[in-house]
Amino acid sequence: MSTEPPIYVTQPFLPPLEEFTPYLEQIWNSRILANNGPFHRELEQALGQYLGVEHISLFANGTLALVTALQALRITGEVITTPYSFVATSHSLLWNGVKPVFVDIDADSFNIDPTKIEAAITPQTTAIMPVHCYGRPCDVHAIQHIADNYNLKVIYDAAHAFGVNDADGTVLRHGDLSVLSFHATKVFNTFEGGAIICPDAKTKTRIDHLKNFGYVDEVTVVAPGINGKMNEFNAALGLLQLKYIDQAIAERQRIDAAYREQLAGIPGIRFLPAADVRTANFAYFPILVGAEYPLSRDELNDRLREHNIYARRYFYPLISDFPMYRGLPSARRENLPVATEMAFQVLCLPIYPALSGHDQERIINMILHP
Ligand SMILES: *Cc1c(COP(=O)(O)O)cnc(C)c1O
C-alpha cells in the first residue's frame with residue numbers, strides 16, 4: 001500500500017475562499033436567497049456572454065434541466081439516445097414516461113453513431129438525445145440532417161461540453177436545446193447546478209415557467225412545472241468561478257498534453273486524438289486498455305488503487321445494462337457492440353487543475369511499469 005495521499009479522478013476547482021465573502025455579504029444584506037434574484041440574473045447574462053449563447057436558463061442541477069428540457073418540447077413516445085453516458089441521460093426520459101431507444105456509438109469519438117440512427121426510428125420516435133461525450137462534439141450535422149428528414153427534435157446532453165466550440169462557434173447552438181451540468185465534478189461548477197440553452201426568448205420563457213412550478217405570475221399557473229430553480233448562493237459561486245474558468249481549462253490542457261506525450265506508444269493503450277486547444281475543455285482523459293497491454297482494464301484500475309490512485313471506469317456499466325433498461329430490445333449487447341467493447345476497456349485518468357506534476361508522474365509511471 002502506498003503512503004502517498006490519494007489522487008481522485010477529479011477534484012472540484014475552488015477559487016480563494018476570501019473572494020467569496022463579498023458575495024455572501026450581499027446575499028445576507030439583501031435577504032434575497034432564491035427566485036430569479038440579482039446573482040441569478042447576473043450569472044445568466046455572464047454565462048450567455050462567455051458561452052456565446054443568447055438564451056440560457058439556470059437550474060438547480062443538470063438532471064432537473066434534462067427532465068425540464070423534455071417537458072419544454074412536450075416530448076413523448078420514444079427517444080433515440082446513447083447507452084454510453086452517465087445514467088441521468090436515460091433517467092430523464094423515464095421521468096417523462098418516454099421510452100429510451102439505444103443506438104450504438106462510434107469507436108473513434110465515443111458519441112452516438114449517426115449512421116445507425118435511422119434504423120432505430122419508428123412511428124413513435126419524437127426526438128434524439130445525443131451526448132457530447134467527454135466534451136467532444138457529436139457529428140451535429142449528420143444528426144440534424146436525420147432530425148430534419150424525420151421531423152424529430154434534438155436535445156443535446158451537453159453536461160461535459162462547457163465552453164466547447166467547433167469551427168463556427170459554440171457547440172451549444174446545435175439542436176433544439178442543449179443541457180449543461182455545473183456539478184462539482186464538471187469543468188465549471190456551482191457546487192451543483194445546470195442550465196438549458198435554447199434558441200429564442202419564447203422558449204426561454206416557457207422553460208423559466210416550468211422550472212418555477214409553472215407560475216407565470218402570482219395567480220397564473222400554466223403547466224405542471226417543477227422546482228428547478230438555481231438559488232442565489234449557487235449563482236454567486238458561478239460568478240466567482242467564471243473569473244477562473246480560462247485558467248482552469250488551461251491547467252487541464254497542460255495535464256492532457258503531458259499524458260499524451262508520456263503515454264504515447266505503450267502497446268495496448270489508446271486514447272482520443274488531441275483536441276484543438278482553442279476549442280476544447282479537456283474535461284476527461286479516457287484511455288482504452290486493449291489486449292496487448294499486460295493487464296486488463298480492471299487489473300490496471302486495481303493496481304492504481306493499490307497506490308491510492310482512483311481512476312474511474314466512465315462509462316461502465318453501460319446505461320443499457322442497468323436493471324430498469326436491460327429488458328428493452330435496444331439494450332441487447334448485440335445491438336451495442338462498440339459501446340460494449342469500449343465500456344470494458346475504458347479508464348478515465350485523473351485530470352483537474354490542481355493535479356501536480358509529481359502526482360501526474362506517479363500515475364504515468366504506474367501505467368508505464370504496471
Ligand atoms: C453530470 C451529468 C449529468 C447530470 O448532471 P447533474 O448536474 O449531476 O444532475 C447528466 N448527463 C451527463 C452526461 C453527466 O455527465
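A polar side-chain atom of H160 lies 2.8 Å from an oxygen atom of the ligand, a pair inside the polar-contact limit (N or O atoms within 3.5 Å). T63 also brings a polar side-chain atom, 2.6 Å from a ligand oxygen, while G62 uses a backbone N or O atom at 2.8 Å from an oxygen of the ligand. The protein covers 92% of the 380 Å² of accessible area that the ligand has on its own (Shrake-Rupley method, 1.4 Å probe).

This is a predicted model, where local features need pLDDT of at least 70, side-chain atom pairs count only at pLDDT 80 or more, and totals for chains, interfaces and linings use all residues. Residues are numbered from 1 along each chain as its sequence is written, and side-chain values use heavy atoms, with hydrogens and water left out.

## The shell around the ligand

Which residues are the closest of those that surround the ligand? They are T63, D157, H160, S181 and K186, out of 15 (a heavy atom within 4 Å). By class, the shell has four nonpolar, nine polar and two charged residues, with Gly counted as polar. Helix 3 gives the most to this shell, with three residues.

Of its 15 lining residues, Y134, R136, D256, R260 and Y284 are the closest to its centre. The lining has ten nonpolar, two polar and three charged residues.

Technical notes. A polar contact is a pair of N or O atoms within 3.5 Å; within protein, one must be able to donate a hydrogen and the other to accept it, and residues adjacent in sequence count only if both atoms are side-chain atoms. Helices (H or I, at least four residues) and strands (E, at least two) are DSSP runs, numbered from the N terminus. On a 1 Å grid over the protein atoms alone, a cavity is a set of points where a 1.4 Å probe fits but cannot get out, and a pocket is an open set with protein on both sides within 12 Å along at least five of seven lines; lining residues have an atom within 4 Å of a point.
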